[in-house]
Amino acid sequence: MMLKTYLTAAGASVLKRVKPSSSVPVERIAGADSPRQVSTVVADPQDVAEFCRVVAEPVRNTVPVTWLHAQGFGPSLTLMSAPDFPVAVVGMVHIANTVTQHEPVLVGESVTVTVWIDSIRTHAKGTEIVVAARFEVDGRLCAEERSHYLAKGVRVPGADEYEQPERTPFDPPQATMEWRFTPRTADAYARVSGDVNPIHLNGLAAKAFGFRGRIIHGMYTAARALAAVQVRDDAFTWDVEFATPVVLPGRVAVRVDRSGSTTSVDAWNPRRGKPHMLSTVTV
Amino acid sequence: MTQTPHPAQSTPGPVRRAAILSGNRIPFARAHKEYARASNQDMLTSALDGLVARFGLAGERLGEVAGGAVLKHSRDLNLTREAVLGSALSPQTPAFDLGQACATGLEASVTIAQKIRLGQIDVGVGAGVDSASDAPIAVSEELRGALLELNRAKTVPQRLKALSRLRPADLAPALPSNGEARTGLSMGEHQAITTAAWGIGREEQDALALASHQKLAAAWDRGFFNDLVTPFLGVQRDTNLRPDSTLESLAGLKPAFGRGLSATPTMTAGNSTPLTDGASTVLLSSEEWAAAHGMEPLAYLVDAEAAAVDFVTGEEGLLMAPAYAVPRLLARNGLTFADFDVFEIHEAFASTVLTHLAAWESEEFCRERLGLDAPLGAIDRDRLNPNGSSLAAGHPFAATGGRIVASVAKHLKETGQKRALVSICAAGGQGLTAIIEA
Amino acid sequence: MTDRYTRLVNGPLKSLVKTLGLPNPVPLRRFPDGAYLSEPVLVLGPGSAADTYAQILLDNGFEVRRKPTSEKLQAVLAFFDEATSPTDLSETALEVGGSLRGLVRSSRVIVFSRDGHIVPERPAAMDPALNATRNGALGLMRSLAHEMRGGGTVNGIVVSDGVPMDAPSAVSTLWFLLSSKSAYVSGQPVHVTTADGDPVSAEAFAGRHLDGRLAVVTGAARGIGAAIAQTLARDGATVVGVDVPQAGDDLARTMNGIGGTALQLDITAEDAGATIAERVGAPIDVLVHNAGITRDKMLANMDAARWDSVIAVNIASQLRMNAQLTESNAWGSAPRVVSLASTSGIAGNRGQTNYAASKAGVIGMVAAGAQPFAAQGGTINAVAPGFIETEMTAKMPTLTREVARRVASLQQGGLPVDVAETIAFLSAGAAGGISGTTLRVCGQNLVGA
């Protein structure tokens, strides 16, 4: 089903590249009053367990926020593939993600997922789309998320002026872990998350978008990082910044650093020293 | 992370002494060589049979046999019991498996000793075995998942769906790695980090390795192992032993670990233990049982202390746990290093031993990490691993504890010395230490 | 474990062998099969000893005949102990001859005699005619052994003057020779020199007659040593098996099979005896010096390593061990030492100067050791195996091996257990009257005859 969304989006993208649509004001499609995608999904224990096995989370009664993210991803794709959406979704890059969990969702619970475009703002390299999601159970807000995507080289008239904070230069520290990702890792994550973006699943498609080969889902790397932190608190905030993609198969050097209430997990290319993903969990 | 030692709170009960009567092992062999076709069960059975013969215990029912392996086949759920059944012991001898990674062998002896001390059993065997050659090979996670799904499927479409996930690459088997489950880093890479952090040099590592080979060779030559080892499959000595090693030959080896670190890599195949196959056993009993069977104890297993560290976050080195266990063990028993004649520190890597020694000498480490007012102090190298250790003998993970316990007990008896400290680091950031007294 | 030829001639080739007059070996009766047979025993010869033995046999459940008979017989006992002139041999000898056709398979002829002296150094205050008679009886015994068929054997029980003919060891020797334990012993005199030893019944001799005795066996890992350990354990002894550390796995298996204890030790070590005393930690009742090696080479090509190692293992270590055990006060109250000699040590063998020197050394050691061991109530003897079917002899060239087998009166090789049975016999309390002797277990092989 999501593949269909991708295909539709791809078709729309082609059109948008030819003729970027700009007729609709940004306020109509982003911000507090923008349209919402609301859906309800049951956290099926089996589905959640299968997801957990793939991302190395322990299988237990609580649902990891990374699974919640996957439930919001489809609706966000639908929003960004809408004909009046100003930029092409295919080719967009996931650059950052923030989740705040207030209390965990339990398996078997019915989760109401609300997704909207929070903002469309300028970026030094193009335009940044911020997608917001809320996850509620019985009217209680369990978690909220902001997913940041970058549409490279695209300018959207009316986009909010925004200056991203400068990234601190990355100096590779001593690794405390190592991950090995294979193409099958991407297959498995695609299966359990539903994210079947061809850049993860097909070498030719990946090359068509300028990658050296298939790349792992950014959110998979992020999910592994969160799993490595082993958060035991109910409430926490999780910030992820994506830098460069991991081409498959690939070895990833990782360092987990616990410092007070914040634990950072950084992942980088052990040979080049370039970061793949930097993240923190704060309880 | 401060792990403050604290004295025992419980009042001593009517415990007995647990005597170490002796041990038996098969010579350790480098992986994929002489024992390549022997299973853990084969090796453990042979080691048990040698022990049984040494004490004329054929047909005897012992209290219990504890044992384990680190690399274990799923079919070996009852490995030790199966080995007992295949041995000359009475089939009425119960057995159980346990595991604490490389500390498995020592934990087996400690557990048997505690049962003896409490009067639960009168005699038992602590054992351990590992084959890096006959290692379990698993199917890939993908294939395993699909097969399990297939097994659960009830309808044809469900079955087809289960199989449809498979790709040819999924059929490739998964070999066991010595990578830590939570970090994916090999033990050598973990130790390389610790080695660099403590600034342990290449030369002192090579010197320790050389001493290990020389001491083990000397022990073999003077017949020290005549009543501790029984040959197996034509192997009569530990095959990793290189009596002709020199500092020059060791210095010529290329670094094997830590090549990605900013510090100069120092750990080589020469100052690290190789993958090894082997099995060991230790016979322990109450003093009454020993006397009734006309056996004179070599020594007594007095106390043990385990520790663990948080290595996942990089807060402490993977193999540093013994550095924390030892001060707690000393405090509980009211002892200092000066009270020990022998220190048996398992040589997972030369640098592991050297970092432990450095840690105990470091005022900062002892104050900040151990919560001590003063450093534990230096260990006289002459008292360290007097008959060689794992760098020379090799290290079949779960078999190392039994090798050390039996050897050091005999060493105490032979030299008339009083007390030995045994320390074994283990995967998972663990360490197990014990006191053995004559 | 009979050899292939023996199997063939007792199977498909039986009639052919008879026609061609080829060697016709039969499978020997071996313990525990037919420990004793059921047929009567014929006791021939004049005098009180013959009567005494007839009574002893009756008391032990045997059927006894005192006159030649047409019945089938399991054994003939021929008493020459009272003969004083060579002409005295005639009557009994001819009666024995007349009875041979009545003997069943694996039968026994046992010649009883007083000790004759043929060694010049011995005091010769004996009537030459008497000595001729006594030695003559043994000549008869040896020749008859060559004439026996169907696995039958002929041996002698030779009792020293002043020792009762029915001394405990003479009687226990009778049980040994009558029984299937002596299957491969033929043409041999057993010398009983004292009245020492505990009396034993025929039934007890076939049972656990070594109960409660502690036996140390060197070279016990495999072959003859393993068979000795197994046999001693079967007869009730607690066995400590000794072998070099290199043979530790075989030693463990052998010891576990009999509930014995394994001691990995190089017996050529200076302190081997002291180590054994310490490790055994209990009085040693039986010590079997079985460990031995061969390093064959013509003397012209012999190097020091070959010569010295054979002497070190086969004889020097035994002398040192005996002395150290005595020094350590390690012996039980009536110790029995049995050492492995060899027919090579008696007859010599081409290419085995070193081996024969060591084994002849053993024969000398036990001869001279009898006296010191007697001082502590013990005995020391040797057993000299002939051609025994072992891993070692299996490696001999086929023709040599075939010849070695067939030149024995029993026309076959012996088994390790044959050696072991003889050692068990000499290890018993009942054998206290036998010391300083070398008993051959060779099927009356021509070598060394």
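Trainee: Before we start, what should I keep in mind about numbering and confidence?

Mentor: Residues are numbered from 1 along each chain as its sequence is written, while chains are lettered from A and ligands numbered from 1 in the order in which they are written. As the model is predicted, local features need pLDDT of at least 70 and side-chain atom pairs count only at pLDDT 80 or more, whereas totals for chains, interfaces and linings use all residues.

Trainee: How do you know which chains touch?

Mentor: Two residues are in contact if their C-beta atoms, placed from the backbone, lie within 7 Å. Two pairs of chains touch, and chains B and C have the most contacts among them. No contact joins chain A and chain C, and their closest C-alpha atoms lie 44 Å apart.

Trainee: What makes up the contact between chains A and B?

Mentor: Chain A gives 13 residues and chain B gives 14 residues. On the chain A side, strand 8 (177-181), helix 5 (183-193) and strand 10 (250-259) each give two or more residues. Helices (H or I, at least four residues) and strands (E, at least two) are DSSP runs, numbered from the N terminus. By residue type, the chain A side has five nonpolar, two polar and six charged. Here Ala, Val, Leu, Ile, Met, Phe, Trp, Tyr, Cys and Pro count as nonpolar, Asp, Glu, Lys and Arg as charged, and the others, Gly among them, as polar.

Trainee: And which elements of chain C touch chain B?

Mentor: That contact takes 17 residues from chain C and 18 residues from chain B. Helix 9 (248-258) and strand 9 (261-264) of chain C give two or more residues each, with helix 9 of chain C providing the largest share, seven residues. The chain C side divides into seven nonpolar, eight polar and two charged.

Trainee: Why is helix 9 of chain C called largely enclosed?

Mentor: A residue is buried if 20 or more other C-beta atoms lie within 10 Å of its own, exposed if 12 or fewer, and partly exposed in between. Nine of the eleven residues of helix 9 of chain C are buried, so the helix is largely enclosed by the rest of the structure. Among the buried ones are C:Leu251, C:Met255 and C:Ile258. Their cover includes helix 1 (40-54) of chain B, together with helix 8 (223-234), strand 8 (238-243) and strand 9 of chain C. After helix 9 of chain C comes C:Gly259, with a positive phi near 65°.

Trainee: How do you know that both faces of strand 9 of chain C are covered?

Mentor: In a regular strand the side chains alternate between the two faces of the sheet. In strand 9 of chain C, C:Thr261 and C:Leu263 lie on one side and C:Ala262 and C:Gln264 on the other, and all are buried.

Trainee: What makes strands 8 and 9 of chain C a pair?

Mentor: Two strands pair if DSSP finds at least two bridges between them. Four bridges join strand 8 of chain C to strand 9 of chain C, and the two run parallel. C:Val240 stands opposite C:Thr261 in strand 9 of chain C.

Trainee: Why is the unit they make with helix 9 called right-handed?

Mentor: A crossover is right-handed if, with the strands pointing away from the viewer, the path from the first strand over the helix to the second runs clockwise. Strand 8, helix 9 and strand 9 of chain C make a β-α-β unit of that right-handed kind.

Trainee: What makes strands 2 and 6 of chain C edge strands?

Mentor: Six strands of chain C form an open sheet in the order 2-1-3-4-5-6, with parallel pairing. Strand 2 (64-65) and strand 6 of chain C each have a single partner strand, so one side of each is left without a neighbour in the sheet. Strand 1 (residues 41-44) of chain C pairs with strand 2 of chain C over two bridges, and C:Val41 has C:Val64 as its bridge partner.

Trainee: Last one: how do you know that chain B agrees with a compact globule?

Mentor: The radius of gyration is taken over C-alpha atoms, and the globule rule is 2.2 Å times the number of residues to the power 0.38. For 438 residues a compact globule would have a radius near 22 Å, and chain B has 22 Å, which agrees. Buried residues make up 56% of chain B.
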